[in-house]
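User: Please take a close look at one part of this model. Then set that part against the rest of the chain.

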Amino acid sequence: MPSPLLFRARPIIQVQALLVAGIMAILVGGGLHLWQGHYGPGADEAGAMISATEADVVERPVVAEAADEAPATTGAPTQTALAGLRQLMDTAEAISLRPETVTRVVEIEAGDALYDTLAAAGLDAAVASQVQTAVRSVYDLRKLRAGQEITLTITRRGVEETLDGLTLQPEATVDLTVTRSAEGQYVAQRIITPPERRRFAQSVTIQGSLIAAADKAGLPRNVVANIVRMYSHQVDFQRDVKAGDRLDVLYEQGVAKNGSRVGEATVIFANLRLGRATHPLYRVIFRDGSADYFNERGQTVRRGLLRTPIDGARLTSGFGMRRHPILGYSKMHTGVDFGASIGTPIFAAGDGVVKEVGWKGAYGRAVVIRHNDKISTLYAHQSRFAKGLKVGDRVKQGEVIGYVGNSGRSTGPHLHYEVRVNNKAVNPLKVSPNTGRSLNGTLLVEFRRGVDRIQREFRLVLSGQQPGSAKVAATEAP
Ligand SMILES: [Zn+2]
């Protein structure tokens, strides 16, 4: 096992201490090791000090005390002088041999590995290497950057220094600690402190583009991206937003214990004020964990369905009356067919909840998605479903729900796609039904209360007061 000796203190002594120390060395025949290395504040005042041997070194505070109490004689010591010196020796010994814990901060320099930094700080090569190995076991050393501070904790006994451990914070949420075990091994630990969620409010006046204004106001980029997405169905940011328009936003983001913002922000409330028109949107979290933005009337923004819920497909059969290719007589074709090879991914045409997934007679393997209380879509003849897809799952527009096949009553690989409004099939290529949802009944009552809370919170946080915990929480899935 490598020696824990890391630093050999440079012995230092004040000139006026020599006399007293000399007397004491004579009295005890050199048996007393009255010394202590002195680092930290004062160590740099070496100009006022001279080097001496270990046995002669007295730390300054002790020296100062000795100078006051030592008898003013250089002749043979009297009984009183002896007693005084013994007392002094006891005190001095108690101070000099008491282990002392000190901390030292070092910094990783450009191009240096952790080992180099530790070795440069005076650590024994074997110790530096052991510490580096320990840290590597819990953290990717390549992620350490120049300028990274490392705080060393050292126990000092006389001139001997032992590294007890060290700490560093390579990331806002990551602390690394290395501690020396009783057996003298260095053990590293990685501690992750999850960021605390806090709410922030801002009111931004738009001059030029929204992004330029947001940057100037210090609004995080991911908040701006969220806002653009939230309003993408109702606002054309290139044409609708004019100088002098305003954006109010209340958002939540993680804050690490060192104060830095971490992770994605969540917009709780936004209000885009374009001219005299206001467009407030409030985030509602449903019991199933899903969330959506609603306007002040409790409606989501209008969102159309994808007309072609499949990539690179060609329309092979339209909606309406046709001669059925298998049955041989005229029959209403209640959807549209897209020819595509087996295995082509099929997308959910809009956000919604999976209502059916499984075999559905002539449709073969089919999925039905309910988008709101009026609109649903159906995807038939699949070869297989998206992995794990089950009834009750919430799906997002564009999410893969299954793959093209030839199951059920089908003449070849294709997707048969239906849109139903109030359970009546409509032409998916002609209508673009609004798949938005609206809150009603007790949900709407609850929503309105939440809106008031959020408005209050926005004003409070904006005025710099402590954020509350207001949120709009609906208790029932729509
Ligand atoms: Zn069809």
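Analyst: Asn422 is exposed, with 9 other C-beta atoms within 10 Å. The cut-offs are these: a residue is buried if 20 or more other C-beta atoms lie within 10 Å of its own, exposed if 12 or fewer, and partly exposed in between, with C-beta atoms placed from the backbone. This is a predicted model, where local features need pLDDT of at least 70, side-chain atom pairs count only at pLDDT 80 or more, and totals for chains, interfaces and linings use all residues. Residues are numbered from 1 along each chain as its sequence is written.

Asn422 sits in the loop between β24 (414–421) and β25 (424–426). Helices (H or I, at least four residues) and strands (E, at least two) are DSSP runs, numbered from the N terminus. Asn422 is not a glycine, yet its phi is positive, about 50°.

Now set His381 beside it. His381 is not a glycine either, and its phi is positive, near 65°. His381 belongs to a strand, β21 (residues 375–385). It counts as buried because it has 27 C-beta neighbours inside 10 Å.

Next, a helix. In α7 (residues 221–231), the buried residues are Val223, Val224, Asn226, Ile227 and Tyr231. They lie on the same side of α7, because their arc around the axis is only 160°. That arc is taken over the directions from the helix axis to the C-beta atoms. An α-helix has 3.6 residues a turn, so residues three or four places apart point the same way. Arg221 and Arg229 are exposed, on the face of α7 turned away from the buried side.

Now the whole chain. It has 8 helices and 26 strands. Of its 478 residues, 30% are buried. Two residues are in contact if their C-beta atoms, placed from the backbone, lie within 7 Å. Among contacts with a separation of 6 or more, 63% join residues 24 or more positions apart.

Last, confidence. pLDDT is the predictor's confidence in each residue, from 0 to 100. Its mean over the chain is 79, and 77% of the residues reach 70 or more. Residues 1–75 stay under 50, with 109 contacts beyond four places in sequence in the model. Residues 467–478 also stay under 50, with 39 such contacts. Where pLDDT is low, the predicted coordinates should not be read in detail.
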